[in-house]
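Here's a quick look at one protein chain, from its overall fold down to a few side-chain pairs. Have the structure open as you read.

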Amino acid sequence: MYWDGGGWAWMAFMPLLWIVLIGLVVWAAVHLVRRPSGDQGGGTDRQWASGGTSRETPEEILDRRFASGEIDADAYHEARRHLSSYRARPE
């Protein structure tokens, strides 16, 4: 039997295949470590500084929305009053 038909091509291809496969595994590991599972890319600097995912409080979300112009002053003050009355309730 004559086995020399293309055997050299597989010998050259297999190391490249392993290099690509190992590279993909390393890339996936780094990608998963750098972006925590709950974060969709819009994280704050505070999240990265603490090394984990920290959630914004409702007041922080409200402040951010008011600062960006999503809500007006009346809606902001109404929501602040609502949040303060909700937080004041005993649980």
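Predicted model: local features only at pLDDT ≥ 70, side-chain atom pairs only at ≥ 80, totals over all residues.

The protein has four helices and zero strands, so you simply read α-α-α-α along the sequence. Of its 91 residues, 8% are buried. Among contacts with a separation of 6 or more, 13% link residues 24 or more positions apart. The accessible surface comes to about 8,100 Å², with 64% of that belonging to carbon and sulfur atoms.

Phe13 sits in helix α1, which runs over residues 7-34. With a relative accessible area of 41%, Phe13 is partly exposed, and it can join a patch because the cut-off for that is over 30%.

On to the charges: the structure holds four salt bridges, and the table lists some of them.

| Pair | N to O distance |
|---|---|
| Arg64 and Glu56 | 2.9 Å |
| Arg65 and Glu70 | 3.1 Å |
| Arg81 and Glu78 | 2.8 Å |

Side chains of opposite charge can pair when their charged atoms come close. In the Arg64 pair, Arg64 is partly exposed at 40% relative accessible area, and Glu56 is partly exposed too, at 27%. Arg65 likewise counts as partly exposed, at 33%. Arg81 and Glu78 are three residues apart in helix α4 (residues 73-88), so about one helical turn separates them. Glu78 is partly exposed, with 45% relative accessibility.

How values were computed. Residues numbered from 1 in each chain as written. Heavy atoms only, no water. Helix = DSSP H or I, 4+ residues; strand = E, 2+ residues; numbered from the N terminus. Buried < 20%, exposed > 50% of the residue type's maximum accessible area, 1.4 Å probe, protein only. Contact = heavy atoms within 4.5 Å. Areas by Shrake-Rupley, 256 points an atom, 1.4 Å probe, with all protein chains shown as cover. Salt bridge = Lys/Arg side-chain N within 4 Å of Asp/Glu carboxyl O.
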